[in-house]
Amino acid sequence: MSSYIRQFRSYLRKNETARGLFLVGVVILGAIAVWGGIRLALSTEYPILVVSSGSMCQRLNPTLHNSACTLEIGALIVIRGEDPATITNGTIIIFRPYPSTPDYLVVHRVINVYQPSTSVYNQYTFWTEGDANGVMDGWDQPNGGIPGSQVVGVYQATIPIPYLGAAILDIRSFMYDDATGQPKTQGILVIVALIVALFAFEVAEPGKKRPSSNVPEETKTSVAPTNLLARVRERRLTRP
């Protein structure tokens with residue numbers, strides 16, 4: 001096994017492209033491992049999200065005459081899984097309003113909690129409202145609210161990293177169609193261009209060769225015999 005590892009390391013030292021791809025792979029696998037650890041620690045499949053609308057920012061609604069903003073557009077928020085039985089009025093939750101589109105998530109505040117015995121879903125159910133909307137959500141009364149099975153988690157905190165969330169939204173908007181969630185042609189072309197550029201750079205700028213020695217040729221040819229004689233003498237001296 002160790003011989004294969006040595007051969008692989010030797011191959012990476014000689015091939016810059018392979019070394020670069022290997023490092024990219026290590027970074028990706030490391031990120032996946034960290035993400036999996038965070039999901040496990042917070043007991044939710046979406047431990048970190050970016051707020052993409054203004055329904056929780058009161059000052060964006062001029063009719064409220066309120067300068068407050070619970071959650072800014074572009075805010076990075078931390079989510080933690082929660083037993084629906086422990087969710088109370090006033091809690092900010094993240095949920096799927098439409099089970100048929102599981103990737104569509106909403107972050108709103110709970111305004112009413114219904115026990116399983118009074119819910120059409122026979123489970124803890126929640127009516128919700130965006131802080132900036134001023135009215136309860138459209139899926140509350142006619143659809144019976146949001147059952148606990150559609151709740152992803154509860155809001156815990158905002159990560160105070162300026163502009164990161166906005167940058168993520170811009171990149172996502174460039175790479176994906178917001179309406180369908182499918183990759184855009186331009187996003188695919190950018191990825192292909194980066195891959196082509198990586199290999200093109202290796203062809204145009206191959207690994208640097210070791211600098212040649214400035215020692216004269218005469219000196220080079222005289223070193224080997226001298227070392228050889230030294231070895232012979234050493235062997236003679238060490239014989240019993």
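# Worked exercises

At 11% relative accessibility, W139 counts as buried (buried is under 20% relative accessible area, exposed over 50% and partly exposed in between, with a 1.4 Å probe and protein chains only). The model is predicted, so local features need pLDDT of at least 70 and side-chain atom pairs count only at pLDDT 80 or more, while totals for chains, interfaces and linings use all residues. Residues are numbered from 1 along each chain as its sequence is written, and side-chain values use heavy atoms, with hydrogens and water left out.

## Exercise 1: aromatic pairs

Find how many aromatic pairs the whole structure holds, and classify the pair of F95 and W139.

Step 1. Rings of Phe, Tyr and Trp (its six-membered ring) pair if their centres lie within 6.5 Å; planes under 30 degrees apart count as stacked, over 60 as edge-to-face and the rest as tilted. A search of the whole structure gives four aromatic pairs.

Step 2. The ring centres of F95 and W139 are 5.8 Å apart and the planes stand at 75°, so this pair is edge-to-face.

Step 3. F95 belongs to strand 3 (residues 92-95), and W139 to the loop between strand 5 (125-129) and strand 6 (146-147); the two residues are 44 residues apart, and the pair links distant parts of the chain. Strands (E, at least two residues) and helices (H or I, at least four) are DSSP runs, numbered from the N terminus.

Step 4. F95 is buried, its relative accessible area being 0%. Ring pairs join F95 and W139 with Y98 and Y104 in a cluster.

## Exercise 2: a pair across two strands

Classify the ring pair of Y114 and W127, and state which strands hold these residues.

Step 1. For Y114 and W127 the centres are 5.3 Å apart and the planes are at 50°, so the pair is tilted.

Step 2. Y114 lies in strand 4 (residues 106-114) and W127 in strand 5, so parts 13 residues apart in sequence are tied together.

Step 3. Y114, at a relative accessible area of 27%, is partly exposed, whereas W127, at 15%, is buried.

Step 4. Strand 4 and strand 5 pair in the antiparallel sense over five bridges (two strands pair if DSSP finds at least two bridges between them). Y114 stands opposite T125 in strand 5.

## Exercise 3: nonpolar cores

Step 1. A nonpolar core is a set of buried Ala, Val, Leu, Ile, Met, Phe, Trp, Tyr and Cys residues joined through side-chain atoms within 4.5 Å. The largest has eleven residues, including L49, I77, I94, V107 and V152.

Step 2. Another core lies apart from it and has ten residues, among them I87, V106, F126 and I146.

## Exercise 4: R96

State whether R96 is buried or exposed, and find the partner of its side chain in a polar contact.

Step 1. R96 is in the loop between strand 3 and strand 4, and at 14% relative accessibility R96 counts as buried.

Step 2. The side chain of R96 makes a polar contact of 2.8 Å with that of E45. Such a contact is a pair of N or O atoms within 3.5 Å; within protein, one must be able to donate a hydrogen and the other to accept it, and residues adjacent in sequence count only if both atoms are side-chain atoms.

Step 3. Not counting residues up to four places away in sequence, R96 also touches residues including Y46, P102 and V152 (contact means heavy atoms within 4.5 Å).

## Exercise 5: the disulfide

Assign the handedness of the disulfide of C57 and C69.

Step 1. The whole structure holds one disulfide (a pair of cysteine sulfur atoms within 2.5 Å). The sulfur atoms of C57 and C69 are 2.1 Å apart.

Step 2. The torsion about the S-S bond is about -125°, so the disulfide is left-handed.

Step 3. C57 and C69 both lie in the loop between strand 1 and strand 2, so the pair ties together parts twelve residues apart in sequence.

Step 4. C57 is buried at 1%, and C69 is partly exposed at 21%.
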